[in-house]
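Welcome, and thanks for opening the viewer. Could you walk me around this structure, one selection at a time, and tell me what is there?

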Amino acid sequence: MDKKIYILLLILIFISFNKTSHSDEKNTAVLQIINKITGKSFFTDITTAANKNINGLVINISSCLIKNNDELRHASFLKIISKKNNEKLFNGWIFSNNQSISEFAHEIYAIKLVKCIYTSN
């Protein structure tokens, strides 16, 4: 029953998001990478369809959405792979306004979506 509610909630959230991607635009996700051991964090920009190597993790952003031009509600589809053993660590959506719905669980790093931005070519 809980799984059905979770799926329904995700569907309702995605219906309310507008995709900001057009053929002449490039989406970029701004992520905050937090080292849970040292407490240090940094921000990084990753363009859609590009891989970025960060501290042994390969991060790929395949989509970045903004809810009706709302500056507080963004969603991004991430694929995260361990560079060390080529293991898939995460493959799913993360949300800027509600980290608890879908979060990247790792023993060292926490990754948070700050926002999605797009620029016309």
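Let's start with the disulfide. Select Cys 64 and Cys 116 and show their side chains: the two form a disulfide, with 1.9 Å between their sulfur atoms. A search of the whole structure finds one such link. Its angle about the S-S bond is -85 degrees, and the link of Cys 64 and Cys 116 is left-handed. Now colour the two strands that hold the pair: Cys 64 is in strand β5, residues 57-66, and Cys 116 is in strand β8, residues 109-120. The two cysteines are 52 residues apart, so the pair links distant parts of the chain.

Are these two cysteines buried or exposed? Cys 64 counts as buried because its relative accessible area is 0%, under the 20% cut-off. Cys 116 is buried too, with a relative accessible area of 3%.

**Step back to the whole chain**

Before going on, remember that this is a predicted model. Switch to a cartoon view and follow the chain from its N terminus: the elements run α-β-β-β-β-β-β-β-β. That is one helix and eight strands. The chain has 121 residues, and buried residues make up 40% of them. Of the contacts in the chain with a separation of 6 or more, 49% are between residues 24 or more positions apart.

**Colour by confidence**

Next, colour the chain by pLDDT. The mean over the chain is 80, and 73% of the residues reach 70 or more. Where is confidence lowest, and where is it highest? The lowest is in strand β1, residues 18-19, at a mean of 47, while the highest is in β3, at 94. Select residues 18-24 as well: pLDDT stays under 50 there, and the model has 15 contacts for them beyond four places in sequence.

**Visit a loop: Ala 49**

Now select Ala 49, in the loop between β3 (41-47) and β4 (51-54). Ala 49 counts as exposed because its relative accessible area is 68%, over the 50% cut-off. Show what surrounds Ala 49: leaving aside neighbours within four places in sequence, Ala 49 is in contact with Asn 60 and Ile 61. Try the distance tool on the C-alpha atoms of Ala 49 and Ile 61, which are 12 residues apart along the chain and separated by 5.8 Å.

There is something to notice in the backbone as well. Most residues other than glycine have a negative phi. The phi of Ala 49 is near 70 degrees, a positive value.

Go along to Asn 86, in the loop between β6 (74-82) and β7. Asn 86 is not a glycine, yet it has a positive phi of about 60 degrees. At 64% relative accessibility, Asn 86 counts as exposed.

**On to Lys 88**

Where is Lys 88 placed? Lys 88 is in strand β7, residues 88-95. Lys 88 is exposed, with a relative accessible area of 57%. Not counting residues up to four places away in sequence, Lys 88 touches Ile 80 and Ile 81.

Val 114 counts as partly exposed, at 34% relative accessibility. Which residues does Val 114 touch, not counting those up to four places away in sequence? They are Val 30, Leu 31, Gln 32, Phe 43, His 74 and Ser 96. For one more distance, pick Ala 75: Val 114 and Ala 75 are 39 residues apart in sequence and 9.3 Å apart in space, C-alpha to C-alpha.

**Last stop: the largest pocket**

To find it, select the residues that line it: Asn 55, Gly 56, Leu 57, Ser 82, Lys 84, Asn 85, Glu 87, Leu 89, His 106, Glu 107, Ile 108 and Tyr 109. Colour the selection by class and you will have four nonpolar, five polar and three charged residues in the lining.

Methods: Residues are numbered from 1 along each chain as its sequence is written. Side-chain values use heavy atoms; hydrogens and water are left out. A disulfide is a pair of cysteine sulfur atoms within 2.5 Å. Helices (H or I, at least four residues) and strands (E, at least two) are DSSP runs, numbered from the N terminus. Buried means under 20% relative accessible area, exposed over 50%, partly exposed in between (1.4 Å probe, protein chains only). Contact means heavy atoms within 4.5 Å. pLDDT is the predictor's confidence in each residue, from 0 to 100. On a 1 Å grid over the protein atoms alone, a cavity is a set of points where a 1.4 Å probe fits but cannot get out, and a pocket is an open set with protein on both sides within 12 Å along at least five of seven lines; lining residues have an atom within 4 Å of a point. Ala, Val, Leu, Ile, Met, Phe, Trp, Tyr, Cys and Pro count as nonpolar, Asp, Glu, Lys and Arg as charged, and the others, Gly among them, as polar.
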